[in-house]
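Here is my note on this model, point by point. Please read it beside the coordinates.

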Amino acid sequence: MWANQQKAAERHPGDLLRWFKEAGRDYGDGASYPKYLVAIRKEAVAALSEQDRIALGSIIDDENRLAASN
């Protein structure tokens, strides 16, 4: 969510801001989306059985290395 909704109004089309208002939300530009994906992935890996974690180990490790490099 943008702290300054007036600034959002200056930078974005009225239709976009109206959609958020009709949905009962302030405008948000998605800046927290990458953090959201990291949290989902962390929960998904935590929910894996040991057998699945071993089977998917190389994929999990590759993703961990990719995340660490960003």
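1. A contact here means heavy atoms within 4.5 Å. Take the contacts in the protein between residues at least 6 apart in sequence: 20% of them join residues at least 24 apart.

2. Basis. The model is predicted: local features need pLDDT of at least 70, side-chain atom pairs count only at pLDDT 80 or more, and totals for chains, interfaces and linings use all residues. Residues are numbered from 1 along each chain as its sequence is written, and side-chain values use heavy atoms, with hydrogens and water left out.

3. Secondary structure. The protein has five helices and zero strands. Its pattern along the sequence is α-α-α-α-α. Helices (H or I, at least four residues) and strands (E, at least two) are DSSP runs, numbered from the N terminus.

4. Burial and surface. Buried means under 20% relative accessible area, exposed over 50%, and partly exposed in between (1.4 Å probe, protein chains only). Of the 70 residues, 11% count as buried. The protein exposes about 6,000 Å², with 55% supplied by carbon and sulfur atoms. Areas come from the Shrake-Rupley method with a 1.4 Å probe; for residues, only the protein chains shown count as cover.

5. Salt bridges. The structure holds two. The criterion is a side-chain nitrogen of Lys or Arg within 4 Å of a carboxyl oxygen of Asp or Glu. D15 and R18 pair at 2.3 Å, N to O. They sit three residues apart in helix 2 (residues 14-22), so about one helical turn separates them. D15 is exposed at 57%; R18 is partly exposed at 43%.

6. The other bridge joins E50 and R53 at 3.5 Å, N to O. Both lie in helix 4 (residues 50-55), three residues and about one turn apart. E50 is exposed at 51%, while R53 is partly exposed at 28%.

7. Aromatic pairs. Rings of Phe, Tyr and Trp (its six-membered ring) pair if their centres lie within 6.5 Å; planes under 30 degrees apart count as stacked, over 60 as edge-to-face and the rest as tilted. The count is two. The ring centres of W19 and F20 are 5.0 Å apart and their planes are at 85°, so this pair is edge-to-face. W19 is exposed at 54%, but F20 is buried at 14%.

8. Helix 3 (residues 33-47) holds R41. R41 is partly exposed, at 25% relative accessible area. Its C-alpha atom is separated by 9.6 Å from that of E63, 22 residues away along the chain. Y33 also belongs to helix 3 and is partly exposed at 47%.
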